[in-house]
Structures are given as C-alpha cells and as structure tokens.
Protein chains: 2
Amino acid sequence: MNTQLKKGVLELCVLSLLKSGDKYGYELAESISKEIAISEGTIYPILRRLRDEGCFEVYLRESSSGPPRKYYKITPHGLEIQEQLFSEWSKLTARVSNLIGGN
Amino acid sequence: MNTQLKKGVLELCVLSLLKSGDKYGYELAESISKEIAISEGTIYPILRRLRDEGCFEVYLRESSSGPPRKYYKITPHGLEIQEQLFSEWSKLTARVSNLIGGN
DNA sequence: TTTAGTACCTTGTATTATACAGTAGTTTGT
DNA sequence: ACAAACTACTGTATAATACAAGGTACTAAA
C-alpha cells in the first residue's frame, strides 16, 4: 500500500485504539496490521514520539508467553490530540470527496 | 491542517481533477485550495514529478490575463495511476474506519 | 540439551511528499 | 509609473513511515 497515504494516519490509529484500553506495542502492531500493512518496526517510533509528547503513560507488565510487555495508557492530553487528529482526518476525507467527486 | 495527512492525497487530487479536462498549474492550485489548505508553491513539484513519470502531456497556451499558462493533459498511464491511487485511498479510509470505529 | 520459533522491544539509515519563502515575468488598472 | 493580480518555478527544511538488523525472553520440538 502507498506509503505516503499512511502518513499521520497510524498516529491516529494508535491513539484511537488506546481509547478503549491500555495496550502494548506488539499488540498494537498486530491490530493495525490486520487492516493496514505495516512492518512491525514502524509502530515503535510512533509510540516513542507520542510518549515524548505526553500522550501516554507507560508501565511494564510481565507476560506468561514472552518478555515483559510495555503498556501504553493514554493521557488526557493524548485524548485531546486524538480528537483533534480525528477531526482533521474526517475533514480531509470529506474534502477529498468533494474535490474528486465520484472519480 | 495536519501536513502529514495530506501526503499522497494531493497527487490523487491533481490526477482526479485532470480527468475532467486539461488544466494549468495555478488553476489546480486554486481549485484544491478551496477544499484543502495548500501553499501555492506546493503544486508545482507534484506536477513536475507526475509529468516525469509520464502521467501528463504538457502544452503552453497564452492567456489574456497574465503570462502563458502551462496546461496538463492526463495520459492513459496517468489514468491508470489515478485509478490505482483512488483505490488505495478508498481502501485506506475504509480500513481506518474499521480500526477506529466511531471514536 | 540444543535448536527453532514466536513474542516483544529498539534503533539507525533511507525515502519522499509537503511547507515555506523567495524569484521572476505578464497583464490590467490607477 | 506603480500596484495588484495572474502564472510559473526552485531550494531548503521538516517529518512520518519503510526496512533491516539486533537483542532479550520464553516455549516447544528434536
């Protein structure tokens, strides 16, 4: 799938998925992969960036099936960012529709 | 508007707009600006790239209200690219919807 | 016991589309 | 003569994803 089209969208996906509960990186990568082709390594830079921007709190939890998992918990600031991004995404898709019509 | 979300989309817009008839650069910039905020200089690198990839033929036509206009005429190859891009864009929007649900 | 495979996280380099600001030439109106 | 709108172009910067590689932990099979 076209790389460029995904720009910014994965960020929205990550934030949105975390609205419904804490998740760990690998889990997010798996969920997103089911709909959108991404290489696994793609997700971690996004998580780090968003964490650095204060969108997440992070904690470790042991797993019975592998190494400890790093869980991401969305913060109020993260929620704001998510809403803003979602709003821009919605606007953009609507406007592109206007522009290109049925073609 | 979020810069990253536009990546790849402007290309789709340009190609789609040219399906309904030849247009010149400034005209495309104006049309797109009505829906999506872009600075005028943004459009020309896109046009050059797509032309280099064989999506357009180009011709000059004098204008009575300014310097000569450079018209872009989409080629069969350009049409293919447009269809492909449109298809990917449609898939992406659908899949993002799946992923983020109502949130 | 060794090996393979899967779960999980990280990082560095490359790619590439848009942003922005600036240049430049033409025509019209004042 | 001058300003303003019209039209085209370019160079530098920014920033998100791709990809590859590496590393640790645990499990199951050979």
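The legends below describe close-up views of a predicted model with chains A and B.

Residues are numbered from 1 along each chain as its sequence is written, and chains are lettered from A and ligands numbered from 1 in the order in which they are written. Because the model is predicted, local features need pLDDT of at least 70 and side-chain atom pairs count only at pLDDT 80 or more, while totals for chains, interfaces and linings use all residues; side-chain values use heavy atoms, with hydrogens and water left out.

**View 1. Chain A as a whole.**
Chain A holds 4 helices and 3 strands, where helices (H or I, at least four residues) and strands (E, at least two) are DSSP runs numbered from the N terminus. Read from the N terminus, the order of elements is α-β-α-α-β-β-α. Along the principal axes, the C-alpha atoms of chain A fill a box of roughly 50 × 30 × 20 Å. Chain A has 103 residues, 41% of which count as buried; buried means under 20% relative accessible area, exposed over 50%, and partly exposed in between, with a 1.4 Å probe and protein chains only. Among contacts in chain A (heavy atoms within 4.5 Å) with a separation of 6 or more, 49% come from residues 24 or more positions apart.

Chain A is superposed on chain B by a rotation of 180 degrees with 0.0 Å of shift along its axis, at an RMSD of 0.0 Å. That is the relation of a two-fold axis. The superposition is by least squares on the C-alpha atoms of residues with pLDDT of at least 70 in both copies. A:Lys7 is the residue of chain A that comes closest to the rotation axis, its C-alpha lying at 3.1 Å. Of the interface residues of chain A, 100% are also interface residues in chain B, so the copies meet through the same surface.

**View 2. The sheet of chain A.**
Three strands form an open sheet in the order E1-E3-E2, with antiparallel pairing. E1 and E2 of chain A stand at the edges with a single partner strand each, so one side of each is left without a neighbour in the sheet. Strands count as paired if DSSP finds at least two bridges between them. Strand E1 (residues 23-24) pairs with strand E3 (residues 66-74) over 2 bridges, whereas strand E2 (residues 56-63) pairs with E3(A) over 7 bridges. Strands of a sheet pair through backbone hydrogen bonds, either parallel or antiparallel.

**View 3. The E2-E3 hairpin of chain A.**
A hairpin of 2 residues joins E2(A) to E3(A). A:Ser63 has A:Gly66 in E3(A) as its bridge partner. The bridge partner of A:Arg61 is A:Arg69, and that of A:Tyr59 is A:Tyr71.

A:Lys23 lies in strand E1 of chain A and stands opposite A:Tyr72 in E3(A). A:Lys23 is buried yet has no salt bridge; the nearest side chain of opposite charge, that of A:Glu27, is 5.4 Å away. Lys and Arg count here as positive and Asp and Glu as negative, with His and the chain ends not counted. The side chain of A:Lys23 reaches the backbone oxygen of A:Leu17 at 3.2 Å. Leaving aside residues up to four places away in sequence, A:Lys23 touches A:Leu17, A:Leu18, A:Leu28, A:Lys70, A:Tyr71 and A:Tyr72.

A:Arg49 is partly exposed at 36% relative accessibility, while A:Glu11 is buried at 17%.

In chain A, the side chains of A:Arg51 and A:Asp52 meet in a salt bridge at 3.1 Å, N to O. A:Asp52 is exposed, with a relative accessible area of 52%, and A:Arg51 is partly exposed at 30%. In chain B, a salt bridge joins B:Arg51 and B:Asp52, with the closest N and O atoms 3.1 Å apart. B:Arg51 is partly exposed at 31%, and B:Asp52 is exposed at 52%.

Terms used
Salt bridge = Lys/Arg side-chain N within 4 Å of Asp/Glu carboxyl O. Polar contact = N/O pair within 3.5 Å; in protein donor to acceptor, adjacent residues only side chain to side chain.
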